[in-house]
Amino acid sequence: MNTDLLERASLFADFTTEELTSLAKHLHRQQFVARESIFSEGTASQALYMIEHGGVRLSAGPIALATLGIGAIFGEADLFQGREHNISAHTTSDTSLLTLSKHDLEQLVQENPAIGVKLSRRFGERIVQMLSYLRDVRLRQVVEFESLTDDELTHIANQLSLVSFHPDQPLFEVGDPVEALFMIEEGLVRIQKQDHYIEIGPGELLGLMALLADKGHFDSARAVSETLAWELSRPDFDSLVSTDPDLRARLSQTQYSPLTAADRKLALERLRALPLFADANDEIMQKTAERLLLKHVPASQIVYREGDMGDALYLVDSGRVEIVSSAARNGEVLARIGAGGFFGEMALLTGRSRTTGARAVENTNLWALYRRDFDQLVSAYPALGQALSHILKDRLAEVGDSFAEKHLRPLNLFNGFDKEQLEEVAEQLLPARYRSGEVIYTTGSPGDRLHLIEKGEVELIGPQGQMVTLNDGDFFGESALLSGEAYQDSARALHDVELWQLSRDNFESLMLKYPIMGFNLSRELSRRLYRTRPAEAETTRVAAPQITPPAPLPVPPAPVSASPTQRIAVRPRAVPVAGPRPGLLASLGLWYRGLSRGAKARLVLVTLLLAWLIGVALPATVVKALQNSAAGNSVMQIPHLAVASADNSLAPVAVALANRSVNQQGLAPTATYTPVPTNTPIPTDTPTPTFTPTDTPTPTDTPTNTPSPTLTATPTNTPVPPTATPRPRVKAVAPTAIPKPAVQYSLIKMRRLDPCENRGKHDIYARVVDAAGNGVNGVWLIQAPANNAGQILDKKQTENKDYWILQREDGRADFGMYKHAEYMVYVSNDGANPASTDIALPLHTNFTDEAQCAQGGGGNTLFHNSFEVVFQKNY
């Protein structure tokens, strides 16, 4: 088809020759006779029309509106807006029309989105045929929209309109009220920050954080070239979040922003009100304010939960926050904090998990100081650390003492523990709350936790329907932990109950370290056995007529006999006998045979538990203490690898999970993370440094350096700790040097991609190779938070694929990264547990802006950085 007629049409004036050719392929020729109707008022719009020859008259009812000739286009407004025709059209003579149907237009826009953009620009608003492109392509690629559903993206796309900017025209200036957010479609925009600028291109979003926080723009933005952008106005945004409150919450999850100059000035005043910074000098205060980040939390959303890591302290800029005993279970409100207040500082400074939760009462803006930034401040300004140590010393001791005494001292399992031991236990417990009638666990569910009741009542229902009620200080779930099997009973809260939960690994560790726990456990089980004895005795009396009593011992003449029922129902009194008395074992045998089956089972359980404690746990603890003493409290060093930091210099990062010697002992591998040494002070009760605690059963005074005993090769009777099984035969051996363990997977490369390699991505590109450098497929790689190897965020098996500029190779897998989060990546043999492997950490996107790629397409900016990580399989 000749495109001359198309070139003269103003609607297609911006089309290139290739675009006109593509348009011509989708046009269809239709012939009409004189006075024939083309479409009628009120009918659905199905196409737009261009007159090739002939004429067309447009009318509204009986009124003629216009008569069109060759080259004229009509019907496009109704088609572009997806509405019914509001006028009629019929031919004035024999006419040939070129038609572009609704289906062909949608296909044309999908093939070449630039055509849809140009049609929208010429038409003056977004055409509806751009909807699927905006939702499935443009919006889906925006980092800030990654967590949104298709319906939410559709609602946003329906509200977008196209705007254009000339070179050097501002999109907005710093401090301006936020009228809209923008998504760049074409062109380049320069963002002027306080001391530098960055340039961004298609697909980037502008103004979202300012719109959420309802604050003025944090930066200035100007078009560098002719720029087209999709605009979402503030009224349209407010309408979207009012009908879908979850939309605001999802958009806020990954949004952070540095404070403006005005907010930093206000933050200095509010920081001075914190006891932590009362004595800090102006330089420290200024640097602290520069580290604060703005975070928006919508109404009813949780800031953090009890049990979460204490990773930040918060100052309330605007809005209100409630501190609650349990954020997940609508716990008791402990405090309400408004603008100018602060919270969360204790968990940040102590490194302990949160003991309470925090929830926004209304849309709230917070200023957050994160642990990473706080540690850097303390490292740069030792005086800050010293001041904080003095200020917090008494407070931390008071908080630690009150917590342990209030919450743990009443629990029966910890009877006999001193203050230091209780504090160690407190670090391993997780809080939980259940409402009246709520099920805690059911029969057959995994028995992975011990439950300790701080307050409330719990009902246990056994497999045969027997019920036991437990109260404050009791515990349950221990049988499943001891047997390694699923729960054999079910548990539910009779009233609102507050629990502390102890995981299987921590339970076993504490049992080995503190044998007194085993005695407390045995005592409690015996007490429960005693409480159930009366009911069992009653059952025995009912069944007594079926029991044949043992042959009576010789007695004096004319003894008074009793019926079998009487002998069972009433405990017989001692009767003098003429013959010898039965031995101790015979008496115990008679007593044991008189017990019910359930009582016998519990007696066997208690006996086995005592045997395990005396025969295994206690000897193992003593042997381990002897080994620690002989080894002179030596500590095996963890290897370090060098990784690229923000300025491409090398910084040591501690890696290495479980090594072969750990696996040979049958112990679960434990991730070990050694941070970069800093001068961060640790608050203690005394300024005297102490050694790292060991697994000594009985607490001792602070050890001092003493000469280690000299060991010889002569066999002795000194027990040696087990190395292969939990119950080894102990024999003396000559001490030998412990070789440094090798790992199955070594980390041989960890680098941050340069701007032209990355081009605005925020991913981890991982690979596993063999000793020859060939990729290995089918190996599990796991992504976890940098501070918790056991929390699996994502896992993938390596395969043959390519990533961006990295070539297609075997052994590859990739993971995404998000703002203000630090990650680790390690190898797993089963997709669940760590292998014998090094760890790649910390991996994050929080680097300062760098120069953009000379070839275009973005680069490395704040929150847009990627890493390449390579593991080598050694065996």
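Histidine 296 lies in strand S18, which spans residues 293–297. The model is predicted. Histidine 296 is buried, because its relative accessible area of 4% falls under the 20% cut-off. The C-alpha atoms of histidine 296 and glutamine 253 are separated by 8.2 Å, although the two residues are 43 apart along the chain.

The chain as a whole contains 24 helices and 44 strands. Of its 875 residues, 41% are buried. Among contacts with a separation of 6 or more, 70% join residues 24 or more positions apart.

Helix packing was examined around H12, which covers residues 282–291. Helix H14 (residues 371–380) packs against H12 with the axes 10 Å apart. The angle between H12 and H14 is about 160°. This value is over 145 degrees, so H12 and H14 are roughly antiparallel to each other. Their crossing is right-handed. On the H12 side, the contact involves Lys287, Thr288 and Arg291. On the H14 side, Asp373, Gln376 and Leu377 meet them. By class, the residues of the contact of H12 with H14 divide into one nonpolar, two polar and three charged.

H12 also packs with helix H11, residues 261–272. The axes of H11 and H12 come within 9 Å and cross at roughly 120°. H11 and H12 are therefore oblique to each other. The crossing of H11 and H12 is right-handed. H11 contributes Arg264, Leu268, Leu271 and Arg272 to the contact. H12 contributes Asp282, Met285, Gln286, Thr288, Ala289 and Glu290. The contact of H11 with H12 has four nonpolar, two polar and four charged residues. Thr288 of H12 takes part in the contact with H11 and also in the contact with H14.

Helix H2 (residues 17–25) has several buried positions. These are Glu19, Leu20, Ser22, Leu23 and Ala24. The cover over the buried residues of H2 includes helix H1 (4–7) and helix H5 (113–123). Strand S8 and helix H4 are also part of that cover. H4, residues 102–111, lies across S1, S3 and S8. H4 runs at about 50° to S8.

S1, S3 and S8 belong to an open sheet of four strands, in the order S1-S8-S3-S6. Pairing in this sheet is antiparallel. Strand S1 (28–32) and strand S6 (73–74) are the edge strands, each pairing on one side only. Within the sheet, strand S3 (residues 47–53) and strand S8 (residues 95–101) pair over six bridges in the antiparallel sense. Methionine 50 stands opposite leucine 98 in S8.

Strand S28 (residues 449–455) has five of its seven residues buried, so S28 is largely enclosed by the rest of the structure. S28 has pairing partners that include strand S33 (residues 497–503). S28 and S33 run antiparallel and are joined by six bridges. Here lysine 455 stands opposite glutamate 498 in S33. Strand S31 (residues 475–476) also pairs with S28 in the antiparallel sense, over two bridges. Leucine 452 stands opposite phenylalanine 475 in S31.

Strand S37, residues 763–769, is mostly covered, with seven of its seven residues buried. Asp763, Tyr765, Arg767 and Val769 point one way from S37. Ile764, Ala766 and Val768 point the other way. Residues on both sides of S37 are buried, charged Asp763 and Arg767 among them. Strands of a sheet pair through backbone hydrogen bonds, either parallel or antiparallel. S37 pairs with strand S44 (residues 867–873) in the parallel sense, over six bridges. In this pair, arginine 767 stands opposite valine 870 in S44.

How values were computed: Residues numbered from 1 in each chain as written. Predicted model: local features only at pLDDT ≥ 70, side-chain atom pairs only at ≥ 80, totals over all residues. Heavy atoms only, no water. Axes fitted to C-alpha atoms, helices over the stretch in contact; angles between N-to-C directions. Parallel < 35°, antiparallel > 145°, perpendicular 65-115°, else oblique. Left-handed = near helix turned anticlockwise from the far one by under 90°. Contact = heavy atoms within 4.5 Å. Buried < 20%, exposed > 50% of the residue type's maximum accessible area, 1.4 Å probe, protein only. Pairing = 2+ DSSP bridges.
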